[in-house]
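Here is a brief report on one structure.

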Amino acid sequence: MDITVEELKQRIESGEKINLIDVREDYEYEDDNIGGLLIPLGELPHRISEIEELRDEEILVHCRSGKRSETAQRFMQSQGFTNVRNVIGGMLAYRDLD
């Protein structure tokens, strides 16, 4: 159910429409982001309604290393989201591709 950074990068570069959620903190997002919707992990339970319409769509979640996004993935699944995929290795792995 997870996704590799290689697959994510290919999908971004091809211009594919993806539902990407960044669960890092504001300062991390400001320093470096790949265009996802910023919802820090600590805010996710209070902001879940913002992404309610994506409940049955594929959602990719990422963070710095893949740990927070794994937590977000489990939470979202517990809330009835059916296709949440964690970006393995997060931004650290993504930037290592360059």
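## Helices on the sheet

Helix α1 (residues 5–13) lies across β1, β3 and β4. Its direction is about 115° to β3. Helix α4 (residues 67–78) also lies across β1, β3 and β4, running at about 170° to β4. Axes are lines fitted to C-alpha atoms, for helices over the stretch in contact, and angles run from 0 to 180 degrees between N-to-C directions. Helices (H or I, at least four residues) and strands (E, at least two) are DSSP runs, numbered from the N terminus.

This is a predicted model: local features need pLDDT of at least 70, side-chain atom pairs count only at pLDDT 80 or more, and totals for chains, interfaces and linings use all residues. Residues are numbered from 1 along each chain as its sequence is written, and side-chain values use heavy atoms, with hydrogens and water left out.

## The sheet

The open sheet has 4 strands, ordered β2-β1-β3-β4, with parallel pairing. β2 (37–38) and β4 (83–86) are at the edges, each with a single partner strand, so one side of each has no neighbour in the sheet. Two strands pair if DSSP finds at least two bridges between them.

β1 (residues 20–22) and β3 (residues 58–62) pair over 3 bridges. Leu20 has Leu60 of β3 as its bridge partner.

## Arg24

Arg24 sits in the loop between β1 and α2 (26–31). Arg24 is buried, with a relative accessible area of 4%. Buried means under 20% (1.4 Å probe, protein chains only).

Contact means heavy atoms within 4.5 Å. Not counting residues up to four places away in sequence, Arg24 touches several residues, among them Tyr29, Leu38, His62 and Met91.

Terms used. Buried means under 20% relative accessible area, exposed over 50%, partly exposed in between (1.4 Å probe, protein chains only).
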